[in-house]
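Visitor: Could you walk me through this structure, please?
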Amino acid sequence: MVQTVATAELPVGESLNIQKNRIVPLGHISNAAKRICIVTGTHGDELEGQYVAWRLADELLKNIEDLRGIVDIYPALNPLGINSIHRGMPLTDLDLNRIFPGKEDGMISEYLASETLKDIAGASVCIDIHASNIFLRELPQIRINETLGDTLVPLAKHLNMPLIWIHASATVLESTLAHSLNSIGTPTLVVEMGVGMRITIEHGEQLLSGILALMSHLGIWAKKMPPTMPPIISDDWHVAFINSDVSGIFISETSHMANVSEGQELGFIADPLSGRVLKRIKSPVSGLLFTLREYPVVYEGSLLARILHGTN
Ligand SMILES: [Zn+2]
């Protein structure tokens, strides 16, 4: 059933509603029933999660007899942003993921953030789905702060994502939804995948099967799910960054998520005016091409690719 989590009056006489779809088991819900929250659409230009929100609701409603707990799906924390192709909140251009935990008596965006946080708090687990920007295509991955590794990695392993990227605590942004929830004891996993402003169906299906597998592990879903692939955990790996040192048009010659060898040509930078190839881009290492430039126009310094490679 669709419920309104928070509402705010807009100056134009309309109201801004944060909504969720609460899906519950048939019949009586036990007090011990667990709850999982799926949150997306915090950034209005990241649409990969829209597909997952739709598919998850669709799958649960078709198999409702297998549901044993509560599933709350929040498809659009920034509904105005999604409707107007804005990353931030269109009224203020604020990044919604920089104002958590919000304020009950603050500005509209702070109030909405505070109400949303209160609504999710206490769930057994929350999954916050993001996409990359329009410039880079990302392998489906879960990003975890190193201080939370012990709690979150065991949950993340069920999500059927090929990579768990554990990052240093120095790079943590304290005003994100995930940080705010994790700091009040609601385990929250951040998924990043695909590319901005697009939907990549295979990534969405992969995450959907992972969410169902995690729900099955937590006892929220009665169906036995096939075992998920063990993820690569970035701890044991290095990341090689490839940046452009010229400006031009990047033409990729490798598919995203390919295993590449040292010296392999990944693509080239072309100059449409002179008809010349300005630079051939070679991989400095052998490994997994987990980030690949999607937007062709590049400048000196633009990131072209990231490759995950072994320690030796
Ligand atoms: Zn995002």
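The conversation below takes up the metal site, a helix, an aromatic pair and some backbone features.

Guide: This is a predicted model, in which local features need pLDDT of at least 70 and side-chain atom pairs count only at pLDDT 80 or more, while totals for chains, interfaces and linings use all residues. Residues are numbered from 1 along each chain as its sequence is written, and side-chain values use heavy atoms, with hydrogens and water left out.

Visitor: Which residues coordinate the zinc ion?
Guide: The zinc ion is coordinated by His43 (ND1), Glu46 (OE), Glu46 (OE) and His130 (ND1), at 2.0 to 2.4 Å. Donors are N, O and S atoms within 2.8 Å of the metal (3.2 Å for Na, K and Ca); water is not among the atoms, so sites may look incomplete.

Visitor: And where do glutamate 46 and histidine 130 lie?
Guide: Glutamate 46 is in the loop between strand E3 (35-40) and helix H1 (48-62), and histidine 130 is in strand E5 (residues 125-131), so this pair, 84 residues apart, links distant parts of the chain. Helices (H or I, at least four residues) and strands (E, at least two) are DSSP runs, numbered from the N terminus.

Visitor: Are glutamate 46 and histidine 130 buried or exposed?
Guide: Both glutamate 46 and histidine 130 are buried. Buried means under 20% relative accessible area, exposed over 50%, and partly exposed in between (1.4 Å probe, protein chains only).

Visitor: Changing topic, what span should helix H3 have?
Guide: At 1.5 Å a residue, the 13 residues of helix H3 (residues 108-120) should span 18 Å, and the end C-alpha atoms are 19 Å apart, which agrees. The expected span is 1.5 Å times one less than the number of residues.

Visitor: What follows H3?
Guide: Glycine 122 follows H3, and its phi is positive, near 95°.

Visitor: How many aromatic pairs are there?
Guide: A search of the whole structure finds three aromatic pairs. In one of them, the ring centres of phenylalanine 135 and tyrosine 295 are 5.2 Å apart and the planes are at 80°, so the pair is edge-to-face. Rings of Phe, Tyr and Trp (its six-membered ring) pair if their centres lie within 6.5 Å; planes under 30 degrees apart count as stacked, over 60 as edge-to-face and the rest as tilted.

Visitor: What about the backbone: which peptide bond is cis?
Guide: The bond from phenylalanine 100 to proline 101 is cis, with omega near 10°. Proline 101 is in the loop between helix H2 (79-83) and H3.
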